[in-house]
Amino acid sequence: MSESEDKTTELTPTDLALDLEGRHSVAETIIGKEEDQKSSLPPTLAPDDPENPKNWTPRKKIMVTFVLCVSVLTLTYSSTAYVASLPALMSRYHISQEVAILGVTLTVLGFAAGPLLWAPASEIYGRRAVYVFTGVFYGAFSWGAAVSNNAASLLIFRFLIGFFGSSMINNVPASLGDYTTPAERGVYSICYALMAFGGPSIGPLISAFIQHDAGFRWNLRVMAIFSTVLGLAVAFLPETHGPTLLKRRVAREGQAPPPLTLRMIATVFKTALARPVIYLFTEPVVMLVSIYLSVLYGILYGFFEAFTVVYLEIRGFSSTSYGLTYISLGLGSLFACVLLATIGQKLYLKSAKADAERGWATQPEARLALAYYGSILCPISLFIFAWTAPFNNVHWIAPCIAEMLFAISVMLIFTGFIPYLIDCYLQTAASALAAGMASRAIFGGVFPLFSVQMYHKLTVQGAASLLAGIACILGPIPFVFRAYGSRIRSESQYIRRDHVVA
C-alpha cells in the first residue's frame with residue numbers, strides 16, 4: 001500500500017510562519033486551510049519526514065500504544081468498578097440506590113462533556129500537552145473520591161474523574177492515527193478497543209473481591225492508584241500530532257510568529273470547540289455512526305444492570321460469584337480481538353489491494369468487514385439472554401454464552417467504526433471522535449438510571465427483547481455505508497477527497 005493514502009497538506013516552515021503572521025486568520029491556520037474542494041486539513045509533516053511519528057520503529061509504536069491503552073483501561077475500569085460498592089455506599093451515606101448509581105452516571109456524563117474541550121485542544125496544542133494537563137487532575141480527583149466523607153462530594157468527584165479522564169478515552173484513537181499507517185491502524189486499534197470495552201467488564205469482576213475483602217474505601221483507593229500511575233506514565237510519552245510537531249520545528253528555526261493575543265486564542269477555541277458539534281449535526285458520516293454507537297453504548301451500560309437482577313435477585317448468586325459472570329464479557333472481548341487481528345486484518349488488506357488495483361486509495365468501508373457480522377450477532381445475543389437468563393431451570397452457562405456473544409458483537413462494531421472515522425477525518429479525527437463520544441456518553445450515563453426499573457417492570461425477558469429489537473432496527477447502518485458510503489462521504493466538507501470515489 002502506498003503512502004499516498006495518508007498524504008496531507010504540506011507547507012514549508014516559511015509558508016507556515018507567513019500564514020501564522022497574518023495571510024490567513026489565526027483560526028483558519030490552526031484548524032486547516034479551506035481548499036477549493038471544501039476539504040479542511042491542517043498543515044502537517046511530510047510522510048517521509050524523519051520526525052513524522054509514522055516513521056517510528058515498531059518497538060516504539062508498541063510501547064506508546066501500551067501506555068496509552070492501559071491509561072484508557074484505568075478510566076473504563078473505574079466507571080464500573082464503583083458498582084460493587086453500591087450497597088456499602090448506600091449504607092454509609094444513607095442514600096437511595098438511584099442516588100448511589102449517579103456515581104456511574106455522572107462519570108459517564110463526564111465522558112460526554114470532556115471531549116468537547118479536550119479534542120479541539122489536542123488539535124491546537126498537541127496530544128501530549130492535553131494528556132499531561134488532564135492526567136494531573138484525573139489522578140487528584142480520583143483520590144478526592146477515595147477520601148470523600150459525604151455523598152455530594154463523592155458524586156462531584158466522580159463527574160470530574162470522567163471529565164478529565166475523557167481526554168484519554170477520546171484522544172487515544174486520534175493518537176493512534178497520528179503514528180500508524182492505514183495498514184497498521186486496525187491492529188493497533190484492537191488494543192484500544194479491548195481496553196475501552198474490556199474495562200467495563202473487568203471492573204465488576206475485580207472490584208467484587210476488593211469490596212468483599214477490604215471494603216468500599218479500598219475499592220476507591222485501588223481506582224485512584226491505578227489512575228495516578230498511568231496518568232503520570234502518559235506524561236512521559238512523546239508528541240504524536242503532526243501539525244504540532246511542524247509548528248515546533250518552525251519555532252526552533254526562528255520563524256515563529258509573535259505570541260497569540262488573548263482575543264486570538266479565544267477565536268481559535270471558539271472555532272475549535274464548535275467543530276465537534278458541527279460534525280455531529282452536519283456530517284452524515286459522524287451523525288449515523290454516533291447514533292448507532294450511542295445506542296449500543298447505552299445498551300452496554302444498561303446490560304450491566306440486568307446482571308444484578310438476574311444473578312443476585314433471581315438466581316441468588318453471592319456477590320463474588322456474581323462478579324465472576326463478567327468473565328464471559330471479557331472472554332468475548334478477547335475472542336473478538338483474535339478475530340480482528342486475523343480474519344479482520346486479512347479482509348482489510350484484501351480490500352486495500354482491490355482498491356489499489358482500481359487506482360483508488362483504500363476506502364474507509366474496508367474497516368467494516370467484521371462490523372457487518374457484529375450488527376447481526378448483537379440482537380441475536382440479546383434475544384438469547386432475554387429467554388435464558390431469568391429462568392432458573394436453564395443452566396447459568398446459557399446467559400453467560402449470550403453475554404460473550406454480545407461482547408463479541410460490540411467489539412466487532414466499535415473496532416470497525418472507530419478506525420473508520422479516523423480514516424475519514426485524519427488530523428481532525430479527535431473532533432469527529434469527540435462528537436461520537438459525547439453522544440455515546442449521554443446514552444451510557446442515562447441508561448443505568450432507569451435500567452433496573454425497566455428490568456423489574458418489563459421483566460428481564462421483556463426488557464432485553466426490547467433492547468434486541470432496537471439493535472435490529474439499527475443493524476442495517478453498516479450495510480448502508482457498504483452500499484452508499486462513497487456517496488455519503490462525497491457530501492462532506494471535511495472528509496479527504498482521495499477517499500471519495502466518483
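**Close-up views of a predicted model**

View 1. Gly231 is 94 residues away from Phe137 along the chain, yet the C-alpha atoms of Phe137 and Gly231 are separated by 9.0 Å.

**View 2. Helix 15 and the residue that follows.** A kink of about 35 degrees, centred on Leu340, occurs in helix 15. The end C-alpha atoms of this helix are 44 Å apart, which agrees with the 45 Å that its 31 residues should span at 1.5 Å a residue. Just after helix 15, Gly359 adopts a positive phi of about 85 degrees.

**View 3. The largest pocket and its centre.** The space in the largest pocket amounts to about 570 Å³. Its lining consists of 24 residues, of which Ser351, Glu365, Ala366, Tyr372 and Arg482 are the closest to the centre.

**View 4. Composition of the lining of the largest pocket.** At least two lining residues are supplied by each of helix 15 (327–357), helix 16 (371–386) and helix 20 (477–490). Helix 20 provides the largest share, with nine residues. By residue class, the lining comprises 13 nonpolar, four polar and seven charged residues.

How values were computed
Residues numbered from 1 in each chain as written. Predicted model: local features only at pLDDT ≥ 70, side-chain atom pairs only at ≥ 80, totals over all residues. Heavy atoms only, no water. 1 Å grid on protein atoms, 1.4 Å probe; cavity = no way out; pocket = protein on both sides within 12 Å on 5 of 7 lines; lining within 4 Å. Points joined across faces, edges and corners; volume = space filled by probe spheres on them. Helix = DSSP H or I, 4+ residues; strand = E, 2+ residues; numbered from the N terminus. Nonpolar A, V, L, I, M, F, W, Y, C, P; charged D, E, K, R; others polar. Expected span 1.5 Å × (residues − 1). Bend = angle between axes of the 7 residues up to and from the residue.
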